[in-house]
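Here's a quick briefing to read alongside the model. Have a look at the fold first, then work through the points below.

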Amino acid sequence: MLKYGKEILIGFVSVFLLFLQIAIGINVIPFVLLAVIVGGLVYMAKSRGHLATVGGERKGKPRPLQPLSFEEIGGQDRAKRELIEALDFLVHVDQISKFGIRPLKGILLTGPPGTGKTLLAKAAANYTDSIYLGASGSEFVEMYVGVGASRIRELFKDARQKAAKQGKNSAVIFIDEIDVIGGKRDGGQQREYDQTLNQLLTELDGIHTTDSPRILLIGATNRKEMLDSALLRPGRFDRHISVDLPDKKGREHILNLHARNKPIDADDVSLEKIAEESFGFSGAQLESVMNEAAIYAMREEGEAISQRHLSMAIDKVMMGERTDREATHEERERVALHELGHAIAAELVRPGSVSQVALLPRGGALGYVRHNPQQDKYLYTKPFLESQIIIALGGAAAEEMFYGERSTGSRGDFEQAMNIVRSMVESGLTELGIIDSSMMTPDKWAAVTGSILNELMHHAKSMLEENRGVFLSALDVLIQEETLSGDRFRTLLQELTASRQEAIAQ
Ligand code: ATP
């Protein structure tokens with residue numbers, strides 16, 4: 001009854017008004033008009049009240065569309081904390097001017113691609129109730145002198161105008177790849193770049209505490225060392241916050257965030273395990289893992305994403321999509337021996353470490369070995385790094401053992417091994433002792449890399465040579481089955497080693 005009270009009342013009033021107009025002859029039009037105006041005013045007041053509650057302290061103003069909060073950014077706890085601390089300067093303006101603190105003008109976010117720097121800038125705009133304007137450093141690069149500078153001017157003007165129009169007290173300008181325009185000035189060669197950077201510095205200097213709307217510039221780069229010192233000095237980019245690759249807890253958090261809108265088979269899936277396996281992945285790669293897993297589940301017409309889909313998605317993100325490349329029989333045999341070289345070396349220097357050996361074309365490779373996740377590590381000892389090099393060289397060592405020469409298939413392995421040697425030299429872990437690597441000449445680099453790699457290659461070959469029989473027996477199984485799980489591979493290895501020992505004993 002009460003449910004339809006409003007409708008009954010409207011019906012009753014309409015009939016009553018018609019009765020007054022037709023039967024009694026009273027002109028009801030002025031009453032109707034008055035009712036419409038009063039109704040309109042009540043409706044407007046109600047909707048203002050609704051916005052006031054939705055927007056919290058931003059009474060009466062609509063929120064920006066889909067505001068992004070810090071809770072929606074996974075991991076990055078330290079970066080978020082540091083950023084919020086810095087942003088509080090912008091929020092508590094009265095205190096800032098009371099203590100005569102100069103305004104915070106710029107925050108620099110540094111870190112590898114895809115770690116959430118853009119997300120942090122957007123969340124900063126939401127946290128400070130500012131408007132958000134994003135741009136990329138490359139948008140300011142032009143052949144014509146002065147165009148980049150005028151674009152910078154426009155960007156700041158635009159931010160002020162938009163903030164004023166939307167009734168906001170502040171604006172956040174985010175410039176991604178700021179190194180493109182903020183690189184070190186080299187004295188006249190690149191006039192266009194210099195003018196753009198000069199304009200950026202002028203705009204930063206023009207920000208005052210009393211300004212309204214206040215502007216905060218957030219820059220992002222993964223090459224902080226490239227930036228001009230004028231940009232980094234106090235009073236310009238005042239805060240430097242590093243946004244690193246997430247640790248295991250951070251990865252699990254990010255996976256959980258991106259799993260929210262996807263059907264997950266809760267009985268089967270352990271995102272903790274996926275977080276463990278995705279060591280070194282950025283937030284963007286983890287988002288991609290969840291997305292690819294959902295695509296696999298949909299293609300198989302499944303109901304939900306399973307652990308297998310997630311595992312396949314990790315392979316895809318790590319090594320690229322499976323390709324249909326048809327390798328010849330000889331090539332497949334060589335690739336199989338190469339991968340077995342990596343896998344046997346890995347089991348010998350770090351038992352239990354192989355997770356899968358595969359003879360499947362993926363990305364640019366014709367086969368691959370996946371290793372079991374280790375604990376997130378931030379410090380590496382010399383023996384650990386040497387064992388990494390031995391595993392990387394295992395493929396080439398196996399090819400040399402069976403064919404007498406290597407193929408182009410080891411290029412990536414050598415690159416990986418040389419990067420490890422470089423980091424050993426820079427960390428003072430070689431016979432050169434503690435050195436300034438900038439003093440190293442190319443000849444010296446070649447000599448030290450050559451000596452370390454030759455010695456470890458020799459070591460890898462003699463280790464593998466002792467297990468020549470294991471190669472020959474595992475080769476057939478791998479060629480037939482195409483993938484061997486870590487456990488199956490280890491069982492095979494143990495059986496073969498046991499039978500070899502038996503043969504020696506007899
Ligand atoms: P670039 O330096 O390449 O511009 P970036 O550090 O700015 O990268 P974002 O653009 O913020 O990275 O992230 C790209 C995408 O990756 C996001 O849209 C989001 O889907 C995902 N992502 C990255 N980091 C995180 C994170 N910490 N939490 C949740 N999602 C993340």
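**Briefing: one lysine, then the wider picture**

K316 sits in helix α13, residues 307-319. Helices here are DSSP runs of H or I with at least four residues, strands are E runs of at least two, and both are numbered from the N terminus. This is a predicted model, so to speak of local features takes pLDDT of at least 70 and side-chain atom pairs count only at pLDDT 80 or more, while totals for chains, interfaces and linings use all residues. Residues are numbered from 1 along each chain as its sequence is written, and side-chain values use heavy atoms, with hydrogens and water left out.

**Overall build**

- The protein has 19 helices and eight strands.
- Of its 506 residues, 40% count as buried; that means under 20% relative accessible area, with exposed being over 50% and partly exposed in between (1.4 Å probe, protein chains only).
- Among contacts (heavy atoms within 4.5 Å) with a separation of 6 or more, 75% are between residues 24 or more positions apart.
- Accessible areas come from the Shrake-Rupley method with a 1.4 Å probe, and for residues only the protein chains shown count as cover.

- K316 is buried, because its relative accessible area is 18%.
- Setting aside neighbours within four places in sequence, K316 is in contact with E292, Y296, E321 and R362.
- L120 belongs to helix α5, and it counts as buried because its relative accessibility is 0%.
- Not counting residues up to four places away in sequence, L120 touches F70, I73, A79, K80, L83, L109 and V243.
- L120 and I73 are 47 residues apart along the chain, yet their C-alpha atoms are separated by 7.5 Å.
- Q195 is in helix α8, residues 191-205, and it counts as partly exposed because its relative accessibility is 26%.
- From Q195 to I181 it's 14 residues in sequence and 9.4 Å in space, C-alpha to C-alpha.

**Helix α10**

**Around the ligand**

- There are 15 residues around the ligand, and G74, G114, T118, D176 and H258 come nearest; a residue counts as near if one of its heavy atoms lies within 4 Å.
- By class, the shell has five nonpolar, seven polar and three charged residues. Ala, Val, Leu, Ile, Met, Phe, Trp, Tyr, Cys and Pro count as nonpolar, Asp, Glu, Lys and Arg as charged, and the others, Gly among them, as polar.
- α5 (117-127), α10 and α12 each supply at least two residues of this shell.
- A backbone N or O atom of G74 lies 2.8 Å from a nitrogen atom of the ligand.
- Ligand oxygen atoms come into it too: a backbone N or O atom of G116 is 3.1 Å from one, and a backbone N or O atom of A284 is 3.5 Å from an oxygen atom of the ligand.
- On its own the ligand has 630 Å² of accessible area, and the protein covers 77% of it.

Notes
A polar contact is a pair of N or O atoms within 3.5 Å; within protein, one must be able to donate a hydrogen and the other to accept it, and residues adjacent in sequence count only if both atoms are side-chain atoms.
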